[in-house]
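Student: I have a structure open that I have never looked at before. Could you walk me through it?

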Amino acid sequence: AITDPAAVCFPNTVDITAAAVTAGSSNVTSLLYYDNLSGPTVTATPAAIATSGTYYIVATGVAGCNDTATVDVVVNPTATLVITNPAAVCSPITVDITAAAITAGSSNLGALTYFTDAACTTPLSNPATVSASGTYYIVSAGVGGCNDTATVDVVVNPTATLAITDPAAVCFPNTVDITA
C-alpha cells in the first residue's frame with residue numbers, strides 16, 4: 001500500500017523509505033527501491049531523492065511472494081531571483097522595478113509581487129513608478145509554493161533647487177558679479 005509523499009521544493013529531498021510511504025502494507029519482510037524496472041536500476045539514495053519522477057518499491061513477503069508498487073515523487077524547482085539594481089535617477093523621474101532588466105538572469109519565476117517591508121506584508125502600490133529611495137522586496141511565486149524573495153535598492157536623488165535673486169542694476173563701466 002503506497003501513499004505518495006508530499007511535494008517538496010528543491011533543494012529539499014524526498015525520503016521514499018519513510019514508514020508513511022508504505023503505511024498499511026502487510027506481510028512485508030523487506031523493501032527494495034528502484035528507479036525503473038526495465039533493467040532494473042536500484043535507486044542510489046531512496047532516503048534523499050532530489051528528482052521528480054516515478055519510483056518503484058518491491059516488497060518481499062513470506063516465501064518470496066513479492067509485490068511491486070509505484071511511488072510518485074515531486075521535487076518542484078525553487079524560483080531563483082537574480083536582481084540588478086536600477087540606475088539612480090533624479091527626482092521627479094521614477095524607477096520601474098517591474099522592468100525585465102531588474103530580474104534578468106532569474107529562473108523558474110512565477111508571478112512577481114512587490115513589497116515595502118522585509119516581512120513582505122505591505123504591498124508596494126506603485127512598483128512601476130517608485131519615487132522614493134529605499135530597499136524594496138520582490139517575491140516570485142514558484143511552482144508548488146517554491147518562492148524566492150530578493151531585495152532591490154532604488155535611489156531617487158533630490159533635484160537641486162536653484163533660487164535666484166537678480167542683482168541690482170549698475171551704471172557702466174561698473175560690472176555685476178553673478179557668482180555672488
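Student: Which residues form a nonpolar patch on the surface?

Tutor: Val170, Val176 and Ile178 form that patch, and together they have about 290 Å² of accessible area, as given by the Shrake-Rupley method with a 1.4 Å probe, where for residues only the protein chains shown count as cover. A patch takes residues with over 30% relative accessible area and no salt bridge, joining nonpolar side chains (Val, Leu, Ile, Met, Phe, Trp, Tyr) within 5 Å and like charges within 9 Å; a salt bridge is a side-chain nitrogen of Lys or Arg within 4 Å of a carboxyl oxygen of Asp or Glu. This is a predicted model, in which local features need pLDDT of at least 70 and side-chain atom pairs count only at pLDDT 80 or more, while totals for chains, interfaces and linings use all residues. Residues are numbered from 1 along each chain as its sequence is written, and side-chain values use heavy atoms, with hydrogens and water left out.

Student: Where is Val170 found?

Tutor: Val170 lies in the segment after strand E11 (156-157), and it is partly exposed, with a relative accessible area of 43%; buried means under 20%, exposed over 50%, and partly exposed in between, with a 1.4 Å probe and protein chains only.

Student: How many helices and strands are there?

Tutor: The protein has 0 helices and 11 strands, where helices (H or I, at least four residues) and strands (E, at least two) are DSSP runs numbered from the N terminus. Its radius of gyration is 31 Å, well over the 16 Å that the globule rule gives for 180 residues, so the protein is more spread out than a compact globule. That radius is taken over C-alpha atoms, and the rule is 2.2 Å times the number of residues to the power 0.38. The C-alpha trace spans about 120 × 30 × 20 Å along its principal axes.

Student: What about sheets, in which order do E8, E9 and E10 come?

Tutor: The order is E8-E9-E10, in an open sheet of 3 strands with antiparallel pairing, and two strands pair if DSSP finds at least two bridges between them. Strand E8 (112-115) and strand E10 (148-154) are the edge strands, each pairing on one side only. Strand E9 (residues 134-140) is joined to E10 by 7 bridges, and Gly134 has Val154 in E10 as its bridge partner.

Student: And how do E4 and E5 pair?

Tutor: Strand E4 (residues 53-61) and strand E5 (residues 66-73) are antiparallel over 8 bridges, and Tyr56 has Thr70 in E5 as its bridge partner. Their hairpin has 4 residues between the strands, and Ala63 there takes a positive phi near 60°.
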